[in-house]
Amino acid sequence: MHVGFALPQFHLQAEGVARTAEFAGEAEKAGAASLWVGDRNLAAVDPIVGYGGQGRTIPAELNAAADPFVLLGIAAGATRRVLLGSHVLIAPLYPPVQLARALTTIDLVSGGRLLPGFGIGWSPEEYQAAGVDFTRRGARMEELLDALEAIWTTDPAAYEGTSLSIPAHHSPLKPARKPRPPFYLGALSERALRRVARRADGWLPLCVVPSYVDIDGLAAQRALLDRLATEAGRDPEKIDTVLRVNIDAGTPTTDVADTIKRIHERTGIDHFMVDSMYDVATVDGSLAHARDVLELVAKG
């Protein structure tokens with residue numbers, strides 16, 4: 001099994017962002033398989049749509065958010081082995097050339113260890129602040145993937161779509177990973193899973209320990225994804241899975257480790273990213289939590 005951890009990016013942990021390099025290096029020494037960031041352009045005071053597309057509130061833990069690209073770059077320079085991922089970047093918020101440039105730089109600094117994970121998000125206000133049409137975010141994601149493919153694999157590079165237009169330009173600097181870094185996509189609905197089945201190299205689902213752990217549901221989603229991939233003419237085994245594990249405040253570390261092991265045993269998922277921002281306030285606490293989770297999972 002592979003277990004990774006979120007970098008100190010959100011809520012109270014963000015106050016320790018100056019220790020990102022230390023956290024990354026120590027987590028790698030402890031045996032972490034990967035390090036991760038999320039993305040929050042902003043947390044609206046009076047949101048039209050609440051967290052995850054539900055209700056009208058956003059958790060206070062998302063109010064403070066450090067920049068994901070900067071954190072991944074720091075972690076890339078501070079480590080030598082761990083994979084570096086995003087679970088997830090709200091990709092349609094970004095101009096494709098700038099997104100490609102940032103991710104290319106991170107992949108080169110890390111020697112090809114980048115796992116870029118993308119999602120379309122749920123917050124209209126984030127799209128408003130970026131000057132992007134929220135109602136077209138799914139279509140924009142499709143074009144963005146095509147644009148990244150072009151920028152990362154051709155020189156000169158260009159792309160012309162309905163909402164994105166990139167003039168022919170010199171594009172000699174390419175990621176270390178060939179032919180390009182893999183596309184990982186977050187997805188819950190059947191429509192989103194169809195996009196994963198058609199376009200992605202990896203799927204990024206989510207659980208919350210202990211309040212939202214639906215192992216049967218995870219297995220059913222993966223089975224649907226496999227069927228959709230087959231229908232699209234792709235080999236389902238070529239589509240990886242990394243499960244995000246959020247932790248409710250006050251959850252014993254033993255429960256986190258036990259949940260990871262149960263999900264692995266019942267679904268075959270073997271890569272997990274643990275995010276302690278709801279439960280741990282400091283960088284030191286997050287490192288201690290990571291070491292405990294790794295030790296407990298290793299006990300089998």
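I started with the buried residues of H7, taking buried as under 20% relative accessible area, with exposed over 50% and partly exposed in between (1.4 Å probe, protein chains only). They are Ile215, Leu218, Gln221, Arg222, Leu224, Leu225, Leu228 and Ala229. My helix and strand labels are DSSP runs numbered from the N terminus: helices are H or I with at least four residues, strands are E with at least two.

Before going on, a note on the source: this is a predicted model, where local features need pLDDT of at least 70 and side-chain atom pairs count only at pLDDT 80 or more, while totals for chains, interfaces and linings use all residues. Residues are numbered from 1 along each chain as its sequence is written, and side-chain values use heavy atoms, with hydrogens and water left out.

**H7 and its neighbours**

What do the buried residues of H7 pack against? I looked for contacts, meaning heavy atoms within 4.5 Å. I found helix H6 (190-199), helix H8 (253-267) and the strands S10 (202-204), S12 (240-241) and S13 (243-247).

I checked the length of H7 too. Its 17 residues, 215-231, reach 24 Å from the first C-alpha to the last, close to the 24 Å expected at 1.5 Å a residue; the expected span is 1.5 Å times one less than the number of residues. Just after H7 comes Gly233, with a positive phi of about 80°.

H6 was next. Its buried residues are Ala192, Leu193, Arg195, Val196, Ala197 and Arg199, and they pack against helix H5 (137-153), S9, S10 and H7.

I followed the pairing, where two strands pair if DSSP finds at least two bridges between them. Five strands make an open, parallel sheet in the order S4-S6-S9-S10-S12. S4 (89-90) and S12 are the edge strands, each pairing on one side only. H7 packs on this sheet, touching S10 and S12, and its direction makes about 150° with that of S10. For such angles, axes are lines fitted to C-alpha atoms (for helices, over the stretch in contact), and the angle runs from 0 to 180 degrees between N-to-C directions.

Inside the sheet, S6 (residues 117-119) and S9 (residues 184-186) run parallel, joined by two bridges. I noted Gly117 opposite Tyr184 in S9.

**A hairpin**

S7 (residues 157-160) and S8 (residues 165-169) pair in the antiparallel sense over three bridges. They form a hairpin with four residues between them. Tyr159 has Ile166 of S8 as its bridge partner.

**The seven-stranded sheet**

The other open sheet I traced has seven strands with parallel pairing, in the order S5-S3-S2-S1-S14-S13-S11. Four bridges join S13 to S14 (residues 271-275), and the two run parallel; Val245 stands opposite Val274 in S14. H8 lies across S11, S13 and S14, at about 155° to S14.

I also picked Ser34, which sits in strand S2 (residues 34-37). Is Ser34 buried or exposed? It counts as buried, because its relative accessibility is 0%. Leaving out residues up to four places away in sequence, Ser34 touches Val3, Gly4, Phe5, Val82, Leu83 and His271.

**H3**

H3 (residues 96-110) has 15 residues, so at 1.5 Å a residue it should span 21 Å; the end C-alpha atoms are 21 Å apart, which agrees. Pro96, Leu99, Ala100, Leu103, Thr104, Ile106, Asp107 and Ser110 are its buried residues. Gly111 follows H3, with a positive phi near 75°.

**Cores**

Last, I looked for nonpolar cores: sets of buried Ala, Val, Leu, Ile, Met, Phe, Trp, Tyr and Cys residues joined through side-chain atoms within 4.5 Å. The largest one has 75 residues, and Leu99, Leu103 and Phe118 have the most contacts inside it. H5 gives the most to this core, seven residues. Another core lies apart from it, with seven residues, among them Ala6, Trp36, Leu204 and Met273.
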